[in-house]
Amino acid sequence: AVLLARSPLGLGYAWALMFSGRYQEAAALLARFEAAAQSDPQLMGQVANAQAFAARGSGDNRRLIEKSEQALALLPESEASSRCLLALNLGLAYWHEGRLQKVWPALDETEALATQTGNHYARLTAQVFRARTLASQGLLRQAEQLLHKLVQQKTDAPILALAHYDLACIYQEWTEDEQAWAHLEQGLEICLRSGNREFQNAGLLQ
């Protein structure tokens with residue numbers, strides 16, 4: 001009752017649950033907030049934002065899309081940081097669902113908001129998935145050019161490991177095995193320096 005009566009406290013607690021991996025508990029609390037926020041669009045936008053994150057954590061892409069779209073429709077333009085991450089997650093979910101034509105506007109919005117808010121990592125991630133979308137559409141040369149620009153940047157952001165892996169896949173497709181192996185090794189080196197086990201495992205599987 002206390003959490004529901006004080007929405008900032010309750011939503012903060014829901015986020016804490018999600019950051020602890022307790023997605024089902026968070027989802028149950030957010031469902032109660034959703035029922036109480038029907039007449040408050042701004043609160044509903046914040047609830048939908050949190051629900052989108054919960055859906056991502058539990059691997060439910062379709063609900064992630066639904067809740068991201070709802071949150072973007074309700075959150076004000078001043079909530080640029082939240083809108084940036086929502087647009088990014090929406091673009092990634094569209095990509096995983098194979099809805100490639102919908103990926104582009106989501107990534108356009110991500111890059112614009114990432115530039116506005118200084119979210120360098122979101123901007124890089126959006127560009128990696130631009131290249132992945134090009135590759136998924138058979139435009140391998142364009143994907144290669146974009147990925148090369150990314151890996152030449154002076155940063156060790158873990159997401160660039162994926163750019164190297166994707167270049168490795170393209171060169172493997174072209175039977176340019178030496179270049180493919182070089183980029184795979186560079187991606188793994190980034191993961192070892194950053195400690196990102198998820199991306200490291202992806203590289204080892206590749």
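Start with Leu188. Leu188 touches Tyr165, Gln200, Gly203 and Leu204, leaving out residues up to four places away in sequence. Contact here means heavy atoms within 4.5 Å. Leu188 sits in helix α11. Helices (H or I, at least four residues) and strands (E, at least two) are DSSP runs, numbered from the N terminus. Is Leu188 buried or exposed? At 18% relative accessibility, Leu188 counts as buried. The cut-offs: buried is under 20% relative accessible area, exposed is over 50%, and partly exposed is in between, with a 1.4 Å probe and protein chains only. Now look across the chain. Leu188 and Pro8 are 180 residues apart in sequence and 40 Å apart in space, C-alpha to C-alpha.

A word on the model. This is a predicted model, where local features need pLDDT of at least 70, side-chain atom pairs count only at pLDDT 80 or more, and totals for chains, interfaces and linings use all residues. Residues are numbered from 1 along each chain as its sequence is written, and side-chain values use heavy atoms, with hydrogens and water left out.

Next, the overall picture. The chain has 12 helices and 0 strands. The C-alpha trace spans about 60 × 30 × 30 Å along its principal axes. Of the 206 residues, 44% count as buried. Take contacts between residues at least 6 apart in sequence: 51% of them join residues at least 24 apart.

On to the core. A nonpolar core is a set of buried Ala, Val, Leu, Ile, Met, Phe, Trp, Tyr and Cys residues joined through side-chain atoms within 4.5 Å. The largest one has 51 residues. Which residues have the most contacts inside it? They are Val128, Leu147, Ile159 and Tyr165. Eight entries to highlight on your screen: α4 (41-57), α5 (61-74), α6 (80-97), α7 (100-117), α8 (120-136), α9 (140-151), α10 (160-173) and α11 (177-194) each supply at least two residues of this core. Zoom in on Val128. Leaving aside neighbours within four places in sequence, Val128 contacts Leu150, Ile159, Leu162, Ala163 and Asp166. There is also a second, separate core of 14 residues, including Leu11, Leu43, Val47 and Ala50.

Now a helix pair. Two packed helices are described by the angle between their axes and the distance between the axes. Helix α2 (residues 7-19) and α4 pack at an angle of about 10°, with axes 10 Å apart. Axes are lines fitted to C-alpha atoms, for helices over the stretch in contact, and angles run from 0 to 180 degrees between N-to-C directions. So α2 and α4 are roughly parallel. From α2 come Ser7, Leu11, Trp15, Met18 and Phe19. From α4 come Leu43, Gln46, Val47, Asn49, Ala50, Phe53 and Ala54. The contact residues divide into 9 nonpolar, 3 polar and no charged. Ala, Val, Leu, Ile, Met, Phe, Trp, Tyr, Cys and Pro count as nonpolar, Asp, Glu, Lys and Arg as charged, and the others, Gly among them, as polar.

Glu111 lies in helix α7. At 16% relative accessibility, Glu111 counts as buried. Glu111 touches Arg123, Ala126, Gln127 and Arg130, not counting residues up to four places away in sequence.

Last, cysteines. How many disulfides are there, taking a pair of cysteine sulfur atoms within 2.5 Å as the rule? The count is 0. Cys191 is in no disulfide, and the nearest cysteine sulfur, that of Cys169, is 14 Å away. Cys191 counts as buried, at 1% relative accessibility. Cys84 is also at 1% and counts as buried.

Note on methods:
Disulfide = S-S within 2.5 Å. Parallel < 35°, antiparallel > 145°, perpendicular 65-115°, else oblique.
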